[in-house]
Amino acid sequence: MQVKYSYLDQQFAEIEAYFRDLRKLVASGEFTLGPFVEAFERKFAAYIGVKHAIGTNTGTGALILSLKAVGVQPGSEVITVANTFIATVGAIVAAGARPVFVDCDERYQIDVTKIESAITPKTAAILPVHWAGCPPEMDKILEIADRRGIPVVEDACPAVGAKINGRFAGTFGKVSAFSMHPLKPLNVWGDGGIIVTDDDRAAEFLRLYHNHGLVDRDHVEIWGVNDRLQPFQAVVGSRVLDTVESLVEARIRNARLLDDGLKGLEFWIRPPHRPAGYREVYQLYLVTATRRDALVKFLIEHGVEAKVHYPIPIHLQNAARNLGYKRGDFPICERQADDIVTLPAHQHITKEQIDYTVSIIQEFYR
Amino acid sequence: MPSYTVPYSALATEASLVKTELVRAVENVLDSGRYILGPEVAAFESEFAKYCQTKFAAGISNGTSALHLVLRGIGLDDGDEVITVPNSFVASASSIALAGAKPVFVDICDDGNMDPQRLEDAITKRTRAIVPVHLTGRPAKMTDILEIARRRNLFVLEDAAQAVGASLDGKRVGSWGDAACFSLHPLKNLHAFGDGGMVTSQDQDLMARLAKARNHGLANREQCDFWSFNSRLDEMQAAMLRVQLRHLDAWTETRRSLALRYNDLLRPYVAVPEEGPGERCVFQTYVVKADRRDELRQYLNERGVEALIHYATPIHLQPAAKGLGYSASDFPETMRHVGKIMSLPLYPTLTHTQQDRVIEIISSFYRKN
């Protein structure tokens with residue numbers, strides 16, 4: 001049996017409805033910003049429950065712009081984790097700031113007890129990541145940030161649809177960034193990102209900056225960038241957004257089946273603690289496994305496309321050399337890099353495929 | 001919005017000509033399930049490189065990011081200077097500022113592009129690069145610019161955003177400098193259905209670095225060599241661009257014949273964009289210089305012809321440029337130019353009837369007044 005990691009060919013098997021929408025776009029000739037992007041932005045803002053949504057070209061772009069919108073600049077420091085996709089940290093550097101890492105907890109999320117000691121007078125933002133589509137302890141992060149007067153930017157890139165006690169990821173920070181990369185819960189046919197905020201001034205800055213600083217066709221207020229969401233992708237994203245709640249529910253169902261299937265194997269392989277009130281969207285279904293590399297190899301040999309996100313923590317990447325970190329600085333993050341594995345648990349996985357995955361894992365440890 | 005009998009662009013009509021091919025290209029990507037840096041981007045890159053007579057090409061998310069990434073790649077320090085023209089789209093200068101250097105402007109010649117005579121005076125000890133712009137699809141004076149750049153050991157980045165297919169002395173733009181950037185924005189001659197950009201170069205090391213720079217600095221899925229951005233060309237756009245590229249030569253020929261027809265018929269009334277010696281222009285914008293320009297533009301617009309100005313405010317006078325310390329008297333040729341330029345509708349699907357209407361309105365304006 002094959003258990004594939006990607007599901008895009010299945011998700012977009014029925015494309016007539018998308019093509020109908022795209023025909024309208026092509027007939028309008030509105031290929032740069034315009035009504036299709038605006039409609040999608042309004043729809044996304046309504047879904048998350050925020051005042052403003054601004055589409056961007058990528059999730060990385062969304063992060064860079066969000067940091068700039070809260071005042072991060074050259075000389076600033078931004079606090080985040082070292083177990084995330086490289087773009088979280090790349091965005092901090094792109095905004096001119098220095099990344100400051102704190103370790104993660106056993107849920108793979110930022111360890112809120114370590115944030116306070118990482119704050120310095122230069123700290124311009126805290127950038128918690130909803131890693132793997134699971135919210136970190138936002139209430140505690142906000143408590144620290146508010147007390148110290150530091151803005152929070154949520155890296156909600158993997159987490160469209162995630163919630164804490166009914167409140168959506170992206171509504172906690174001053175500004176929040178989402179990715180719509182093909183392997184995210186809300187996905188488009190290429191790169192795409194979106195920023196949300198309730199702050200009018202941040203929104204005004206973002207609208208200006210993401211389109212060359214243009215106030216109108218002829219006037220440039222600030223040096224800006226081109227970081228626009230493509231109308232083509234806005235059209236696709238809009239239709240996927242109609243289905244995102246059911247996609248997320250299907251992922252949650254499959255993740256629970258896999259959690260259940262792994263019961264009895266706790267000695268070798270363990271899902272993280274899943275506290276009540278946290279709605280995870282399982283952009284990655286992560287577990288901690290004994291003899292990880294051998295397990296991954298065994299799974300792949302048996303048709304189960306397991307992956308590792310990621311084997312090298314960011315503070316140990318070549319790019320991080322001049323930040324002055326070393327192995328041992330973030331022990332939990334480093335241990336997880338050695339023992340986490342990502343199992344396929346997306347919305348198109350069947351009960352049979354989950355049972356099969358579990359049986360292969362059982363066979364491996366037997 | 002007013003409805004024009006001769007609108008400035010006709011993207012929907014153009015797309016309808018190749019719709020079947022475009023849909024097939026999109027379907028192929030959907031069937032493959034590969035949306036990021038897949039076979040379509042790779043194929044488009046090699047086809048584009050061949051088209052531009054260069055060894056390498058790399059797909060980037062848009063023309064601005066292309067400029068930004070190449071400039072960052074040459075390692076600019078605070079206080080370094082990069083020379084470009086004030087008569088361009090803002091991205092020519094903002095990409096310099098965003099890459100950490102100071103944009104320094106030189107004035108233009110009568111043809112709207114960088115004046116090589118004035119270039120040497122703008123070079124200082126801090127100058128690191130020159131960004132000549134092939135504005136409107138007309139090649140800049142690359143032979144003279146390169147001669148100066150080589151002598152002064154400066155990096156040359158062609159801003160070919162508007163000029164795919166243009167050539168000077170038979171050599172295509174994009175193959176002259178150390179690197180070149182193209183925009184594939186919907187209003188460009190070769191365009192995506194959204195944003196897109198390209199970099200071309202003969203320099204393998206530069207391109208190897210750029211391949212990482214557009215993709216988070218990643219050498220592979222797991223190893224990050226330097227901090228960078230996500231500035232990838234979409235696979236979906238690349239698939240559609242491959243369709244567009246197959247038609248580009250035919251469309252450029254149509255564009256050129258329409259432009260030369262405009263030239264012949266408008267010459268009595270306005271200064272038309274004549275091709276200089278050795279130049280093959282691709283007329284991404286068709287720009288005339290007219291007396292009483294604002295009145296004429298209004299006259300055209302009122303009669304259903306959508307005329308625009310590219311660009312009404314030169315970059316050195318934008319609020320964003322305040323910190324650079326320029327004033328209105330700094331670039332007299334640019335200022336003269338800006339007061340007279342007007343862009344007329346020109347695209348492959350423009351009909352002779354539409355074109356005649358434009359010409360008739362312009363001639364009646366000058367006859368009556």
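1. In chain B, the C-alpha centres of domain 1 and domain 2 lie 24 Å apart, the domain bounds being taken from an automatic or database domain assignment. That assignment gives domain 1 of chain B as 11-242 and domain 2 of chain B as 248-368. The model is a predicted one, in which local features need pLDDT of at least 70 and side-chain atom pairs count only at pLDDT 80 or more, while totals for chains, interfaces and linings use all residues. Residues are numbered from 1 along each chain as its sequence is written, and chains are lettered from A, with ligands numbered from 1, in the order in which they are written.

2. Between the two domains of chain B, 31 residues of domain 1 are in contact with 29 residues of domain 2, where contact requires C-beta atoms, placed from the backbone, to lie within 7 Å. On the domain 1 side, helix 1 (11-17), strand 3 (102-105) and strand 6 (167-168) of chain B are the elements giving two or more residues; helices (H or I, at least four residues) and strands (E, at least two) are DSSP runs, numbered from the N terminus. Strand 3 of chain B gives the most to this side, with 3 residues. By class, this side of domain 1 of chain B holds 14 nonpolar, 10 polar and 7 charged residues, with Ala, Val, Leu, Ile, Met, Phe, Trp, Tyr, Cys and Pro counted as nonpolar, Asp, Glu, Lys and Arg as charged, and the others, Gly among them, as polar.

3. Chain A is divided into domain 1 (8-239) and domain 2 (244-365), and 24 Å separate their centres, taken over C-alpha atoms. Here 31 residues of domain 1 of chain A are in contact with 27 residues of domain 2 of chain A, and the domain 1 side divides into 18 nonpolar, 7 polar and 6 charged residues.

4. Across the chain interface, 46 residues of chain B are in contact with 46 residues of chain A. Helix 5 of chain B gives the most to the chain B side, with 4 residues, and that side has 22 nonpolar, 17 polar and 7 charged residues.

5. Leaving aside residues up to four places away in sequence, A:Leu67 touches A:Val72, A:Val78, A:Ala91, A:Ile92, A:Ala95, A:Ala125 and A:Val153.

6. Strand 8 (residues 179-183) of chain B is largely enclosed by the rest of the structure, because 5 of its 5 residues are buried; a residue is buried if 20 or more other C-beta atoms lie within 10 Å of its own, exposed if 12 or fewer, and partly exposed in between, with C-beta atoms placed from the backbone. From this strand B:Ala179, B:Cys181 and B:Ser183 point one way, and B:Ala180 and B:Phe182 the other way. Strand 8 of chain B runs parallel to strand 5 (residues 155-159) of chain B, joined by 3 bridges, and antiparallel to strand 9 (residues 197-201) of chain B, joined by 4 bridges. B:Glu158 stands opposite B:Ala180, and B:Gly197 is the bridge partner of B:Ser183.

Definitions and conventions. Two strands pair if DSSP finds at least two bridges between them.
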